[in-house]
Amino acid sequence: MKLSTSLQMKELDSKSINEFKIPDIVLMENASRGTFELIKKQFGSLEGLRVSVFAGLGNNGGDAMAIARHLYNAGANVLVNLVADPDKLNPSPKINYDILCSMNVPINIINHIEDLNDVFLAHSQIIIDGLFGIGLSRNIEGIFYDIIDKINKSNAFVVSVDIPSGINADTAECLGIAVKADLTATFALAKPGQFLYPGRLYCGKLEVVDISTPKQLIDDFKPTFNALVKDDFVIEDRPKNSHKGNFGHIAIVGGSIGKSGAVILAANAALRSGAGLVSAVVPDCINTAFESSCIEAMSYPVKDKDGFFSKESFDDIVDFVRDKDVICFGMGLGVFDDALYLLESLLELKKPMVIDADGLNVLSKNVNLLKKINSPVILTPHPKEFSRLIGQTTAEVLKNRLKLVKEFAKKNNVILILKMADTLISNGESIFINTSGNPGLSTGGSGDVLSGIIASLIAQNNDVLYASCMGVFLHGLSADLALSKYSEASLLPTDVINHITNAIEAIKTKAQ
């Protein structure tokens, strides 16, 4: 799903107006009418409902005033609060202001917080938030801070125009304070700040309104950000004459004493996601544990030392993995002497490779290894693991993650998956924001399941970026579907694996 930054949306609007000759006032009218229809769908009859409309100086305020007109015509008791000088309004907002004046719609000019009609606000069933649009980048203060605080303390149903006022449309940052909407009607294309946290928490239900932006512009638009949704993926039925060799052979290299579960989870997830064959390369000391818990996968036990892979086993590991289609490396591996040498030897095989968990900790000792490779590598760190890879603090990662994820992926020619509540995937050119999943994934082993799913999708001849995006979405969707049986607090990685089938079927049904 394509997303537009504030600057990109400004350019799309400009092209609509200047190249396709659609007047700005027409775009504004379409935006207001579409938002009104969503409100009407929510409430049914609007007759007699009290509506407090808050309009700022820009086009967002113009949208809000146009919405006020439609609500007034539908019989609502409307009070428009214009937090701006009417003489300073842009042409299109000024037109809508003048229309309201000619219709005798009550308008309250707000210069001080005391100008606000607190009684009307307290009895309003609906609030329209049109204070700030997607161009906001500065912190909210003064009278606007006070107004938003009052909106958030009300019991009304809050509708934000394009984006909740106070949320940065590009980064999702809360700029001091932000409106907590029940419904956000965004125009033409959704914005990154509506899918990233914390902005995602402020939007309520998000609806994209068609404002007649020419389809050609939308089709030709090359986004920096995308949101992952069901419609982005297609899973087709398998050919009737297929066999296990058609769906790839994965080698999972990992495990150590006390951590056999990580490999078991990855292997089971890979199988449940459709891999034809899965072989786990494990230290001999955990082979019995693996084979007794994962009977559908094969194992290749090698010599161990103190519960970890022994250096003497490295040649055996590399030889065994050499003819496999995908390597999954690092889950339960532990960090031990010469582990970096094992990773380097596997990278030299030039196989598609998913690196997770301790594999990432090993890689952090020499990230320059990535510059020597010429094969697809997918890294799946959480923020702490990513901080080790780039030599910055976790706080810096969280603050600058959009920039850092894209830069790292581009610099090292990898696909980077930063695992968070709003997981990010980047190939160095674009950023994909996941929309599936829930807090039930906040438990050890979830990452092992994700790695197995992604490796499986790659082994089934999917493009690595597509497989990475679908793997992340499928993983989250499986967790969402598992909530029909389990609570978020009790959700286990095995529960997620057991619902991969349902997630696959859900995507197949959508595709049909």
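Phe-233, Tyr-466 and Phe-473 form one aromatic cluster. Rings of Phe, Tyr and Trp, the last by its six-membered ring, count as a pair if their centres lie within 6.5 Å. Searching the whole structure gives eight aromatic pairs.

A word on the source. This is a predicted model, so local features need pLDDT of at least 70 and side-chain atom pairs pLDDT 80 or more, while totals for chains, interfaces and linings use all residues. Residues are numbered from 1 along each chain as its sequence is written, and side-chain values use heavy atoms, with hydrogens and water left out.

Next, charges over rings, meaning NZ of Lys or CZ of Arg within 6 Å of the ring centre and within 35 degrees of the ring normal. Lys-324 sits over the face of Phe-320, 3.8 Å from the ring centre.

Now helix α9, residues 260-272; helices here are DSSP runs of H or I, at least four residues, numbered from the N terminus. Its 13 residues should span 18 Å at 1.5 Å a residue, and the end C-alpha atoms are 18 Å apart, so the two agree; the expected span is 1.5 Å times one less than the number of residues. Of the 13 residues, 10 are buried (under 20% relative accessible area, 1.4 Å probe, protein chains only), including Val-263, Ile-264 and Leu-265. After α9 comes Gly-274, with a positive phi near 110 degrees.

Last, α16 (residues 446-459) and α17 (residues 464-482): their axes, lines fitted to C-alpha atoms over the stretch in contact, come within 8 Å and cross at roughly 140 degrees.

Methods:
Helices (H or I, at least four residues) and strands (E, at least two) are DSSP runs, numbered from the N terminus. Buried means under 20% relative accessible area, exposed over 50%, partly exposed in between (1.4 Å probe, protein chains only). Rings of Phe, Tyr and Trp (its six-membered ring) pair if their centres lie within 6.5 Å; planes under 30 degrees apart count as stacked, over 60 as edge-to-face and the rest as tilted. Axes are lines fitted to C-alpha atoms, for helices over the stretch in contact, and angles run from 0 to 180 degrees between N-to-C directions.
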